[in-house]
Amino acid sequence: MKRTISILLAALVLLVALPAFAEGEDTLQPGLYIVEGGTDVLYLDERGGGVLNYSNDGQYMANGVLWTETSLEIEREAVPFAMMGHTVVFTYDGAVRMLRYAGEGDDYAMGDGENTAFAGTYLAEDGRKLILAADGQGVYTDADGERPVFWGSLLPYWPGMDSVTENTCYVLFDSYLSGAEFANDAVTVSLEGAGDVVLQRQAAAAQPAGEGGLYYGYRMTTDGQAMDLIPLLKAMGMDPREIYLELRADGTGHIQIMDTDSAADFNWTDGYLTYEGESVPFTWVGDHILLTVEGESIEFAPAAEVEALLGGVGPENPIVGPAPSESDGLVGTWTFTKARAMGMEIPASSMGTTMSLELKADGKAVLTSGDEPIDLDWAVKEDGTVALSAVGSEIFTLIYDGTTLTLVTEGDSVEMVFEKDA
């Protein structure tokens, strides 16, 4: 399932020229970090969650972690760190901590793997629900809606302690770690700001939660950049209906991404798609379905909604063509020359990728990445920025300073600079 979704993300990203910074520099990676002869342990799961364990005046502390290669968050606090070879160094809870990378740390892996004693659905009397999959993923539902969680055992962190057993676990709500104790077909979770909540295990459902249906690809988010698939695929000469997700009422389903080689059958129920023993959580956003894998997501919309959009239903605020007085200096061919990020400037020539943008006087545009041209429309917006769109829906926005066009990715993390050809 993850491989199938990754194919979509790789196939549809137009801006393949985002630079790889500091090649060869040590960064955080999934696995186990330890202090030789000490109690400090940091485990980082490849999906972005983790646990920091240490002792403080004889008291053992377990802390939730969110991480990327270049960021670390502990118990909702952003924590600066530095890498010294394969050792990570940071300050937390008043102490400087140095932990050396010690391999994959399989014993610390989240979930309960082959032993599915705790995986299942748990329900509290007030309607709160916790779904735990064997691979360490989960979904928690309360009055505020659904949110993904991670979970696992605390036993590897505190071996030999009488008070810690195989029933002593944790649940990560973002980077906040809550204790979870399993007993008598129930789990007691220490929720943030709510105290202990008891959730009873539910019998396995014979049918999925819902009647199923057909959904087409609607939007994708990769590297923090959201792209609407319908106009993007149409501009590339592809049929958006070739990306679809089918949920059947009998608990089976099918996903296909562009061709049958990128297709898979799965089982589904209660917020999970299960394929070859691996669970992928999904959430409902209204009547849309959101699949998230390793921080990247695909949103599917009901088939009827997508068919209506393909049938000519345009956006509420369609982009108008450029006014001649506003387009002075813009018509022509622009070449990607450099990128800016993290205070650095990287020449396009060092990135192994070529990209050009042709803006025509009739409001048409051609974006060429490598040897692949994509037909688009362009317009100058009221704020002076330049919009690139397809089928009336804006895809990218560029800032024009009178000399260069700069495409800024979502979150202002990377700027791609185009200069006009002579």
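**Salt bridges, strands and buried positions in a predicted model**

Reader: With which residue does the side chain of Asp174 meet in a salt bridge, and how many residues apart in sequence are the parts that the pair ties together?

Author: The side chain of Asp174 meets that of Arg76 in a salt bridge, with a distance of 3.4 Å from N to O. Asp174 belongs to the loop between strand S14 (168–173) and strand S15 (176–183), whereas Arg76 belongs to the loop between strand S5 (71–74) and strand S6 (77–78), so the parts that the pair ties together are separated in sequence by 98 residues.

Reader: Which residues are linked with Arg76 in a network of salt bridges?

Author: Arg76 is itself partly exposed, at a relative accessible area of 37%. Besides the bridge to Asp174, Arg76 forms a salt bridge with Glu192, in which the closest N and O atoms are 2.6 Å apart. Glu192 sits in the loop between strand S16 (186–191) and strand S17 (195–201) and Arg76 in the loop between S5 and S6, so this pair ties together parts that are 116 residues apart in sequence. The residues linked with Arg76 in the network are therefore Asp174 and Glu192.

Reader: How many salt bridges does the structure hold?

Author: The bridges of Arg76 to Asp174 and to Glu192 are among them, and a further one is that in which the side chains of Arg128 and Asp126 meet at 2.7 Å, N to O. Asp126 is exposed, with a relative accessible area of 51%. The number of salt bridges in the structure is nine.

Reader: Which strands stand at the edges of the open sheet of nine strands?

Author: The strands of this sheet follow the order S6-S5-S4-S3-S2-S1-S9-S8-S7, and their pairing is antiparallel. A strand at the edge has a single partner strand, so one side of it is left without a neighbour in the sheet, and this applies to S6 and strand S7 (81–84).

Reader: Within this sheet, which residue of S3 is the bridge partner of Leu42?

Author: S2 and S3 run antiparallel and are joined by four bridges. In S3, the partner of Leu42 is Leu52.

Reader: Is Asp45 buried or exposed?

Author: Asp45 is placed in the loop between strand S2 (41–44) and strand S3 (49–56). When neighbours within four places in sequence are left aside, Asp45 is in contact with Pro30, Gly50, Trp67 and Met110. Its relative accessibility is 6%, and because the cut-off for this class is under 20%, Asp45 counts as buried.

Reader: Where do the buried residues of helix H3 lie around the axis?

Author: Helix H3 (residues 303–310) has Ala303, Val306 and Leu310 as its buried residues. These residues cover an arc of only 65° around the axis, which puts them on the same side of H3.

Reader: Which residues make the nonpolar surface patch of about 330 Å²?

Author: One of them is Met98, which lies in strand S9 (residues 95–101) and is partly exposed, with a relative accessible area of 46%. The patch is made by Met98 together with Met84 and Val96.

Conventions: Residues are numbered from 1 along each chain as its sequence is written. This is a predicted model: local features need pLDDT of at least 70, side-chain atom pairs count only at pLDDT 80 or more; totals for chains, interfaces and linings use all residues. Side-chain values use heavy atoms; hydrogens and water are left out. Buried means under 20% relative accessible area, exposed over 50%, partly exposed in between (1.4 Å probe, protein chains only). Helices (H or I, at least four residues) and strands (E, at least two) are DSSP runs, numbered from the N terminus. The arc is that of the directions from the helix axis to the C-beta atoms. Contact means heavy atoms within 4.5 Å. Patches are made of residues with over 30% relative accessible area and no salt bridge: like charges are joined within 9 Å, nonpolar side chains (Val, Leu, Ile, Met, Phe, Trp, Tyr) within 5 Å. Accessible areas come from the Shrake-Rupley method with a 1.4 Å probe; for residues, only the protein chains shown count as cover. A salt bridge is a side-chain nitrogen of Lys or Arg within 4 Å of a carboxyl oxygen of Asp or Glu. Two strands pair if DSSP finds at least two bridges between them.
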